[in-house]
Amino acid sequence: MTDLALPARNGGLGPVRSGVPWTTALGNLLNLSGPLLVASLCVLAGLLGFTTYASYGSDAALGIAVGAAAVVAMAQTLILAARPRLLEPLFGGLDRMYRVHMWLGISAMVLMILHQQIEPDFERTVRETGLGELAEEAGEVAFNALLVLIAISWFRRLPFIPLEIPYQLWRFSHRFMGVLFAIIVFHQFFVDMPTRVDPSLSVMLNTFGLAGVIAWVYTEFVAPRLRRREFTVSDISRHGDTTAVTLSPKGRTMRWRPGQFAFFRAPDAGFSEPHPFTIASAPRPDGALTLSIKGLGGWTRRLPDALRTGMRVQVEGPYGRFDFRKGGARQIWLAGGIGITPFLAWAESLTETERRTIHLVHCVRTPEEAIGVETLQAAAARNPRFSYQLVATAREGRLTAERLTEMAPFALRDADLWFCGPKGLKDGILEGLKARGQTPRRVRFEHFEFA
Ligand SMILES: Cc1cc2nc3c(=O)[nH]c(=O)nc-3n(C[C@H](O)[C@H](O)[C@H](O)COP(=O)(O)OP(=O)(O)OC[C@H]3O[C@@H](n4cnc5c(N)ncnc54)[C@H](O)[C@@H]3O)c2cc1C
């Protein structure tokens, strides 16, 4: 795999320099409100747990506090996993929501370990019941199983060993989280506890417990039927190891903004697992859309041979908030390899009335690898403020910050940088720009990998 083949692994909101418009600052603040909200709810559960049981001693109160925070953290991981579209703006997109989901899961694991270590002991203060004992034991079993699953999720790439747990195995193990969480909720609900305490904590935990279980049921059984839209494959064309698949809606059309992505599956071809792909075309009146899929792994390499025109496929979405219209008057769009897809949709959507000055730089290994050249040429012909350039690294060497500065028709320090591509390319360019005093006003980048 060349370094240009895989898009950025992490990122999001880049450096924001002073002089940023207030609307942008407000947007950034909004993106932070989601993470702050979920963290506050965990802290609130912890505080409520501590104060409710403070009279039983600090150990008992602390044990309850971390257990309560763990339940709320776990419930919220399940709620975020349901991909609630309404919450996307609070996180700045689904990719960042998944990042928060991951950190919540890790926090839940740490809190659960602490809960087990400081296990509150109410044996002398409460009358034990059979159901309470069952809840105690069930909690123990679920706790250990959850730890294993969360650890698998966390260590997808095994530390110190160049071995990655296959995505499918990881995804499969993830499915059981909800069942185990339901057992934890059962534990929390029925375990023998002192009864003469303020019920606020119980109300909070029961609410989150129920919400988490409902979210899991929705994710696993309801959403797959509700959210998927039927399409048929209307065109397939290959360009090296990238396949452009055009899909036409059957029935309900999908509305999306250029730069958004969707989950695609083709069960009739034996590809039932949904995979995320950016919609590489602008919205069209007939609702057709194009995905450009690069063969990067088992699924994406085998798919093109199995697809046929006329075949029924399913699309779920759209998701994401990668939108150049939120940016300023001067923009650099920088793409690495298949990271060109959101820019193709943007370029196709550009009209002659677009007032922003935009320069797109697409890094590929060889010129033959470049996809969407006609789309970019047409956009440049339509709008003189849009220009683009191909950098073939096998011939010209790697793109450097110095070269990028020379290519841009404006000073980069006065422009916004939109990036989609390998993390190494982004980091190298940003470092170089900083050293040259050309740090862009804003840097936005798209995740092509969740978490
Ligand atoms: C928001 C987003 C937009 C994307 N847009 C494009 C695009 O326009 N064109 C393109 O070619 N690729 C795109 N990708 C990448 C594409 O989804 C992966 O290359 C593809 O899923 C890899 O699957 P595989 O089994 O062939 O490869 P593998 O080698 O099995 O997987 C490679 C990596 O892809 C990720 N992945 C695998 N399966 C899934 C899945 N079912 N759901 C989510 N992630 C998975 C995992 O992180 C895994 O480590 C995008 C990814 C994301 C997250």
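The legends below describe close-up views of one predicted model.

Residues are numbered from 1 along each chain, in the order in which its sequence is written. Because the model is predicted, local features need pLDDT of at least 70 and side-chain atom pairs count only at pLDDT 80 or more, while totals for chains, interfaces and linings use all residues.

**View A. Helices H2 and H4 pack against each other.**
Helices (H or I, at least four residues) and strands (E, at least two) are DSSP runs, numbered from the N terminus. Helix H2, residues 58–81, packs on helix H4, residues 94–117, at an angle of about 155°, and their axes are 8 Å apart; axes here are lines fitted to C-alpha atoms, for helices over the stretch in contact, and angles run from 0 to 180 degrees between N-to-C directions. That angle makes H2 roughly antiparallel to H4, a term for angles over 145 degrees, whereas under 35 counts as roughly parallel, 65 to 115 as roughly perpendicular and the rest as oblique. The crossing of H2 and H4 is left-handed, which is to say that the near helix is turned anticlockwise from the far one by less than a right angle, clockwise being right-handed. The contact includes Gly 63, Val 66 and Leu 80 of H2 and Met 97, Leu 104 and His 115 of H4, where contact requires that the C-beta atoms of two residues, placed from the backbone, lie within 7 Å. The residues of this contact of H2 with H4 divide into 14 nonpolar, eight polar and no charged; Ala, Val, Leu, Ile, Met, Phe, Trp, Tyr, Cys and Pro count as nonpolar, Asp, Glu, Lys and Arg as charged, and the others, Gly among them, as polar.

**View B. Helices H5 and H6 form another packed pair.**
Helix H5 (residues 130–154) and helix H6 (residues 167–174) have axes 10 Å apart and pack at an angle of about 150°, and that makes H5 roughly antiparallel to H6. The crossing of H5 and H6 is left-handed. In the contact, Leu 149, Ile 152 and Ser 153 of H5 meet Trp 170, Ser 173 and His 174 of H6, and these residues divide into three nonpolar, three polar and no charged.

**View C. Six strands make an open sheet.**
The strands of this open sheet follow the order E5-E4-E7-E2-E3-E6, with antiparallel pairing, and two strands count as paired if DSSP finds at least two bridges between them. E5 and E6 stand at the edges, each with a single partner strand, so one side of each has no neighbour in the sheet. On average, neighbouring strands of this sheet are turned by 35° against each other, direction ignored.

Strand E2 (residues 228–239) is joined to strand E3 (residues 242–249) by eight bridges, and the two run antiparallel. Along this pair, Arg 238 stands opposite Thr 243, and Phe 231 stands opposite Pro 249. E2 and E3 form a hairpin with two residues between them, and Gly 240 in the turn has a positive phi of about 60°. E3 also pairs in the antiparallel sense with strand E6 (residues 289–294), over six bridges, and there the bridge partner of Leu 247 is Leu 289.

The hairpin of E4 and E5 has four residues between the strands, and in it Gly 270 takes a positive phi near 90°. E4 and strand E7 (residues 312–319) pair in the antiparallel sense over four bridges, and Gln 314 in E7 is the bridge partner of Arg 265.

**View F. A shell of residues surrounds the ligand.**
The ligand is surrounded by 24 residues, of which the closest are Thr 278, Gly 297, Trp 299, Thr 300 and Thr 341; a residue belongs here if its C-beta atom, placed from the backbone, lies within 6 Å of the molecule. Strand E5 (271–278), E6 and helix H9 (298–306) are the elements that give two or more residues to this shell, and E5 gives the most, with six residues. By class, the shell around the ligand has 12 nonpolar, eight polar and four charged residues.

Most residues other than glycine have a negative phi, and most peptide bonds are trans. Arg 83, however, has a positive phi near 50°, and its place is in the loop between H2 and helix H3 (88–91). A cis peptide bond, with omega about 0°, joins Gly 317 and Pro 318, and Pro 318 is found in strand E7.
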